[in-house]
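Please keep the sequence and the coordinates open while reading.

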Amino acid sequence: MTLQPIRDIIIDVSMMITTKNIGGNDMANYSKVSVAKDARTELHDKLSLTGAEISINNLPAGASVPFVHAHKNNEEIYTILSGKGKVVIDGETVELTVGDWIRISPAAKRQFFAAEDDGISFICIQVKENSLEGYTGDDAIM
């Protein structure tokens, strides 16, 4: 399976961010958003998320997130949509490329870098560590 269709939908969409309330119903059970290729798009406000923080991030070749950071409570899950780069976690360098997934514990100090010759696009999902109470099979209502 290739990630190209996901990349086309998430990264290469040229329209501005818009949230659509399908059918004009103010009580809709879902939100939909389209995103542009900005440096960072935070989806938690756009989608009215209540249990996760999700962002789409794009670093051009040679760029980096301008700070090292850790968290108090939230683990982060990253997936690489396009390009290549690296993340430095507690002083250890981890190379990243399309299709990679990585989970980082809250206390770990991290900083992301694009490769010198290629940009990198990634999704970051942030959730409270140890908060998952059930998987789909346990949580689903049929």
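How many residues does the largest nonpolar core have, and which of them have the most contacts inside it? The core has 15 residues, and those with the most contacts inside it are Leu 59, Tyr 78, Val 87, Ile 104, Phe 112, Ile 120 and Phe 122. Strand S5 (74–89), strand S7 (101–104), strand S8 (110–114) and strand S9 (120–128) each supply at least two residues of this core. S5 gives the largest share, 4 residues. Apart from this core lies another, of 5 residues, including Val 35, Ile 56, Leu 81 and Ile 123.

This is a predicted model, in which local features need pLDDT of at least 70 and side-chain atom pairs count only at pLDDT 80 or more, while totals for chains, interfaces and linings use all residues. Residues are numbered from 1 along each chain as its sequence is written, and side-chain values use heavy atoms, with hydrogens and water left out.

Some terms need their cut-offs. A nonpolar core is a set of buried Ala, Val, Leu, Ile, Met, Phe, Trp, Tyr and Cys residues joined through side-chain atoms within 4.5 Å. Buried means under 20% relative accessible area, exposed over 50%, and partly exposed in between (1.4 Å probe, protein chains only). Strands (E, at least two residues) and helices (H or I, at least four) are DSSP runs numbered from the N terminus.

**Contacts of two residues**

Contact here means heavy atoms within 4.5 Å. Leaving aside neighbours within four places in sequence, Leu 59 is in contact with Ser 64, Val 65, Phe 112, Phe 113, Ala 114, Gly 119, Ile 120 and Phe 122. Ile 54 lies in strand S4. With neighbours within four places again left aside, the contacts of Ile 54 include Thr 41, Leu 43, Ile 123 and Ile 125. Ile 54 and Gln 126 are 72 residues apart in sequence, yet their C-alpha atoms are 6.2 Å apart in space.

**The largest pocket**

The largest pocket holds about 290 Å³ of space. Of its 19 lining residues, Arg 40, Asn 57, Val 65, Phe 67 and His 69 are the closest to its centre. Strand S4 (53–59), S5, S8 and S9 each give two or more residues to the lining, and the largest share, 5 residues, comes from S4. A pocket is an open set of points on a 1 Å grid over the protein atoms alone where a 1.4 Å probe fits, with protein on both sides within 12 Å along at least five of seven lines; lining residues have an atom within 4 Å of a point. The volume is the space filled by probe spheres set on the points, which are joined across faces, edges and corners.

**Salt bridges**

A salt bridge is a side-chain nitrogen of Lys or Arg within 4 Å of a carboxyl oxygen of Asp or Glu. The count comes to 6, and the table gives some of them.

| Pair | N to O distance |
|---|---|
| Glu 42 and Arg 40 | 3.0 Å |
| Asp 117 and Lys 84 | 3.4 Å |
| Glu 129 and Arg 103 | 2.9 Å |

Asp 117 lies in the loop between S8 and S9 and Lys 84 in strand S5, so this pair ties together parts that are 33 residues apart in sequence. Asp 117 counts as exposed because its relative accessibility is 58%, whereas Lys 84, at 33%, is partly exposed. Arg 40, Glu 42 and Glu 53 are linked in a network of salt bridges.
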